[in-house]
Amino acid sequence: MKSHGTVPGSGELRFFLLATFAWTWFFWLGLAGLARGGLVSAGTAPFILLHMAGGFGPTILALVCAARRAGDRPLAGFLRTWLPGRLSPGGFAALGAGLVLAVLKPLVLWGLNPGTPLLVENWPAMLALFPVMILGGGLEEPGWRGIVFEDSERLRSGDLGALAGMAVLWTAWHLPLWLIPGTYQNTSMDLVSFGLGVGGSTLVFYALRMSGASVGWCVLAHAFYNTALGTFVPNTNLASDRLVSAAVLAAALAFFLVFRGRLRARTVRSGDAPA
């Protein structure tokens, strides 16, 4: 048994956030400089390796934080949370809301622009892309919804200010991708729409964790969300893209407020203090 080590809390949270940003931005800003200087190009091995190295920042630092904790085999215990476990009724509700919101934007944009391919026309691509998106996005979750959730009492209670701050940080962590020629963000994604989408995802993914769901369910939900975006042809109408993204965020907020209210009501009925 490890007699000395860290415990979940604000100190670990600060370490995780600072180290994750430093790790990721080192690789991604370095890649931006190399790509803009013509030394590497999209699709080449060095480009892919640097891109992936930066993306695994939250995963690697989550493992570092878990390994530093006090207790008996803390890393093994943390890794077990990466598996999808049993879901409560609230967990099913949060997961269902996440799946609906993931496809809502593509469907609404298709309704506004009927000439744009519909998401269901790309199911073969979606099925092929889903395992890739577990690595390319889903494995961020042990950091954002694992370490960060465990270390923040305000996030665990569903505090909207803390959730908004987390959405801003999560958006900011991605910013170097818009500077790298050849990335999906640089060529096809509007930053404002992305930020609005992050806000909605933040609410749904933390709702999953508040329901008692494991980090593994957040990994799968994140991968599905990225897959839905990756298989849908990006909309070229910037105004409608942002409007629909804002509407989806509003829907996510409405779901979260109802979800949090019922969770707190159930906690009070059980005889415990509300979260």
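This is a predicted model: local features need pLDDT of at least 70, side-chain atom pairs count only at pLDDT 80 or more; totals for chains, interfaces and linings use all residues.

Modeller: In general, side chains of opposite charge can pair when their charged atoms come close. Here, the side chains of arginine 69 and glutamate 12 form a salt bridge, with 2.8 Å from N to O. Arginine 69 is in the loop between α3 and α4 (74–80), whereas glutamate 12 is in helix α1, so this pair ties together parts that are 57 residues apart in sequence.

Biologist: Are arginine 69 and glutamate 12 buried or exposed?

Modeller: Both of these residues are buried. The word buried is used for a relative accessible area under 20%. Arginine 69 has 10% relative accessibility, and therefore counts as buried.

Biologist: Which salt bridge joins arginine 69 to an aspartate?

Modeller: The side chain of aspartate 151 meets that of arginine 69 in a salt bridge, at 3.7 Å from N to O. Since aspartate 151 belongs to helix α7 and arginine 69 to the loop between α3 and α4, the pair ties together parts that are 82 residues apart in sequence. Aspartate 151 also counts as buried, because its relative accessibility is 7%.

Biologist: Which residues are linked in a network of salt bridges?

Modeller: The network links Glu12, Arg69, Glu150, Asp151 and Arg209. Across the whole structure, a search finds eight salt bridges.

Biologist: Let us return to helix α7. How many of its residues are buried?

Modeller: Helix α7 is mostly covered, for ten of its eleven residues are buried. Among them are Trp144, Ile147, Val148 and Phe149. Proline 142 is also found in this helix, and it counts as buried because its relative accessibility is 0%.

Biologist: What surrounds proline 142?

Modeller: One reads this from its contacts, leaving aside neighbours within four places in sequence. Proline 142 is then in contact with Ala62, Phe78, Trp82, Ile147, Val215 and Val219. Valine 215 is 73 residues away from proline 142 in sequence, yet the two lie 6.1 Å apart in space, C-alpha to C-alpha.

Biologist: How should I read a nonpolar core?

Modeller: The general idea is that, in soluble globular proteins, nonpolar side chains tend to be buried together. In this model, the largest nonpolar core has 60 residues, and those with the most contacts inside it are Phe16, Trp144, Val148, Ile180, Tyr206 and Leu208. The elements giving two or more residues to this core include α1 (10–36), α3 (57–67), α7 (141–151) and α11. A second, separate core has six residues, including Ala102, Val103, Met126 and Phe224.

Biologist: With which residues is leucine 208 in contact?

Modeller: Apart from neighbours within four places in sequence, leucine 208 is in contact with Leu87, Gly91, Ala94, Leu95, Ala213, Trp217, Cys218 and Ala221.

Biologist: What is the volume of the largest pocket, and how many residues line it?

Modeller: The volume of the largest pocket is about 1200 Å³, and 48 residues line it. Met133, Gly136, Tyr184, Gln185 and Asn226 lie nearest its centre. By class, the lining has 26 nonpolar, 18 polar and four charged residues. Helix α12 supplies the largest share, six residues.

Biologist: Finally, how many helices and strands does the chain have?

Modeller: The chain has 13 helices and zero strands. Of its 275 residues, 46% are buried. Among contacts between residues at least 6 apart in sequence, 81% join residues at least 24 apart.

Key:
Residues are numbered from 1 along each chain as its sequence is written. Side-chain values use heavy atoms; hydrogens and water are left out. On a 1 Å grid over the protein atoms alone, a cavity is a set of points where a 1.4 Å probe fits but cannot get out, and a pocket is an open set with protein on both sides within 12 Å along at least five of seven lines; lining residues have an atom within 4 Å of a point. Grid points are joined across faces, edges and corners, and a volume is the space filled by probe spheres set on the points. Helices (H or I, at least four residues) and strands (E, at least two) are DSSP runs, numbered from the N terminus. Ala, Val, Leu, Ile, Met, Phe, Trp, Tyr, Cys and Pro count as nonpolar, Asp, Glu, Lys and Arg as charged, and the others, Gly among them, as polar. A nonpolar core is a set of buried Ala, Val, Leu, Ile, Met, Phe, Trp, Tyr and Cys residues joined through side-chain atoms within 4.5 Å. Buried means under 20% relative accessible area, exposed over 50%, partly exposed in between (1.4 Å probe, protein chains only). Contact means heavy atoms within 4.5 Å. A salt bridge is a side-chain nitrogen of Lys or Arg within 4 Å of a carboxyl oxygen of Asp or Glu.
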